[in-house]
Every structure is written in structure tokens, then in C-alpha cells.
Amino acid sequence: MITYNTNTFSSLIDETSFCLGEVNRLSFMTGAIFPLIPHHDKSLLLKYITCKLIADASAFDVELCSSIIKVFLDDKNLLENPSNLRESLLTIVKELDILSDESIVVKAALLHHSIVSSTIITNNKYQIADILSVFYLYKSHRLPLPYFYIDSSFINNEKLILGDVNNYILLFLSLLCESAKKHLVHLEKVIELKSEILSIVSKFINRPQSGKIIDFIFSTPIFTAEEMSKALELTRGQVIRHLHVLEGCGIIKGDDKQRKRTFYFKRLLNMCFE
């Protein structure tokens, strides 16, 4: 079992936990379901969404870890020895269960360290470690959504990995804390956008209906009239009038279909992929 001393970085544990708590708080204020910081790779976003659906129906166990790896790393040559990989993941997950009284962020750091120091997991180990750490934080209720991006590839240092684990935990927590702060900056921009859009729409649609409409397009930035009607319990006529307002103000843009048009909240979507 790995030995470490959390007293050496207790203040960083507190700061990281606080920043993740703020990410939770501001995420619920925005209501947005998309990544908290931009992703250039749209296919990566789809993988996060797919894995969220899997994770919501499962505990953080070896089955979930295996499923996430398969979704993110769909290279058929990657899993050369699935049984060895499964055994390694099982050992890692069991070690987390033993640390029942430890801080969640420290356990995420130890999970990350176990993966990158594994002799079984050899390919894409940093990406696997980043993704599984994020989903562990999500399943431990430290993240509101698993769309939290970290990149630890710069830790590719054998002396650090095989050396004092306290130094590794310290570096990972610093990375996690810095990423959380970047998320907070992005979330503040989303909150500003939401306030701006609400101010515009409220001139044409009375509250509280305008607020409900804004909440809907932030949580569902790609939608149809039927989906809006069902979500807000509005008649088709009411929805058409509201969509006319949103399009007229340049807030949403519909496709060119004559029937069953799809509408896009472009400004929010652009924030995800800018």
C-alpha cells in the first residue's frame, strides 16, 4: 500500500476542495449541460456525454472504468490483454475503497498515480488517468458534471512517478485546482451571458415565463419546437411565438427545414468550441 502524509499539503487540499465546490455552485446557477471549458474536439464531447449516461447508471467500479476506457479509446489494438487490464483496474478500485476516511481529492490523486505508474496500462495512460479521475470526482459528488477537462501529460516524468508519492499528490492537486479556477472563469462568462439574454427576452416575454425559456435553452441549446413544448408545458402556438422572439433577437438560429426544424443557441455552443 502506498504511504503518504497529507499534513504536508493540507492547505492545498482545502483550496482544491473549495474551488470544486464553487464549480458546483456556479454550474447549478448556469444550468448549462455542456463542458465547463471549451473543447476543440467535438467528438470528445460526445464521448463525455456517452460516458455520463453509463456512469449515472453505475457505481464507480471496474465495469464502469472498463466501459469508459472503451468509449474514449476506441483503438482496437489498445487493449492487448483485457484480462490483465481488468485485474489492474480491480486492484486500483479496491485500494480506493480501503481509503474510506481520506479526502476525495486525495483519493482522486492516488487513483491518477496508480494508473500512470501501472505496468499493465501502457498505452494512453495519462489520458486514461485524467478521464477516470474526473469520473471518480463526478461519482463522488465533487463535480456537478463529468465534463471537466484536465491534461496531465506534462507529468511524464519517471522520477516523479516512482519517487515520493507526496510530491505526485501535490502536483496533481495543483493541476486540479488550477483547472477548477479556469472552469470558474468560464462559468462566470456563462452567467454573464445568461443575465444578458434574460434582460433581452424579458422585454418581449413576461416573467416568470421568460426565465423558464432561458433556463431551457441553456440546458438544451439544440432543440426542436416539440421538445420546448413538452419541457415547458406550452401549446404549439405559444412555442411558435416564443421561438419567433428568440430568432428575431438573434439568440437562436433555426435550420432550413420546412418541418420539424432544429434550433441552435449559437452563442452558448460557440463558447464550448471556441
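The model is predicted: local features need pLDDT of at least 70, side-chain atom pairs count only at pLDDT 80 or more, and totals for chains, interfaces and linings use all residues. Residues are numbered from 1 along each chain as its sequence is written, and side-chain values use heavy atoms, with hydrogens and water left out.

**Aromatic pairs**

- The whole structure holds 7 aromatic pairs. Rings of Phe, Tyr and Trp (its six-membered ring) pair if their centres lie within 6.5 Å; planes under 30 degrees apart count as stacked, over 60 as edge-to-face and the rest as tilted.
- Phe-60 and Tyr-136 are edge-to-face, because their ring centres are 5.1 Å apart and their planes stand at 75°.
- Phe-60 sits in the loop between α2 and α3 (62–72) and Tyr-136 in helix α6 (residues 125–139), so this pair ties together parts 76 residues apart in sequence. Helices (H or I, at least four residues) and strands (E, at least two) are DSSP runs, numbered from the N terminus.
- Phe-60 is buried at 15% relative accessible area, and Tyr-136 is buried at 7%. Buried means under 20% relative accessible area, exposed over 50%, partly exposed in between (1.4 Å probe, protein chains only).
- Phe-223 and Phe-263 are stacked, at 5.8 Å centre to centre with 25° between the planes.
- Phe-223 belongs to strand β1 (residues 222–224) and Phe-263 to strand β3 (residues 262–264), so the pair ties together parts 40 residues apart in sequence.
- Both Phe-223 and Phe-263 are buried.
- One aromatic cluster is formed by Tyr-48, Phe-72, Phe-135 and Tyr-138.

**Charges over rings**

- Lys-194 lies over the face of Phe-218, 5.6 Å from the ring centre.
- Lys-266 lies over the face of Tyr-264, 5.5 Å from the ring centre. A charge sits over a ring if NZ of Lys or CZ of Arg is within 6 Å of the ring centre and within 35 degrees of the ring normal.

**Backbone exceptions**

- Most residues other than glycine have a negative phi, and most peptide bonds are trans.
- The bond joining Arg-207 and Pro-208 is cis, with omega about 5°. Pro-208 is in the loop between α8 (165–201) and α9 (209–219).
- Glu-233 has a positive phi, near 55°. Glu-233 lies in the loop between α10 (225–232) and α11 (236–248) and is exposed at 74% relative accessible area.
- Lys-260 also has a positive phi, about 50°. Lys-260 lies in the loop between β2 (253–254) and β3 and is exposed at 67%.
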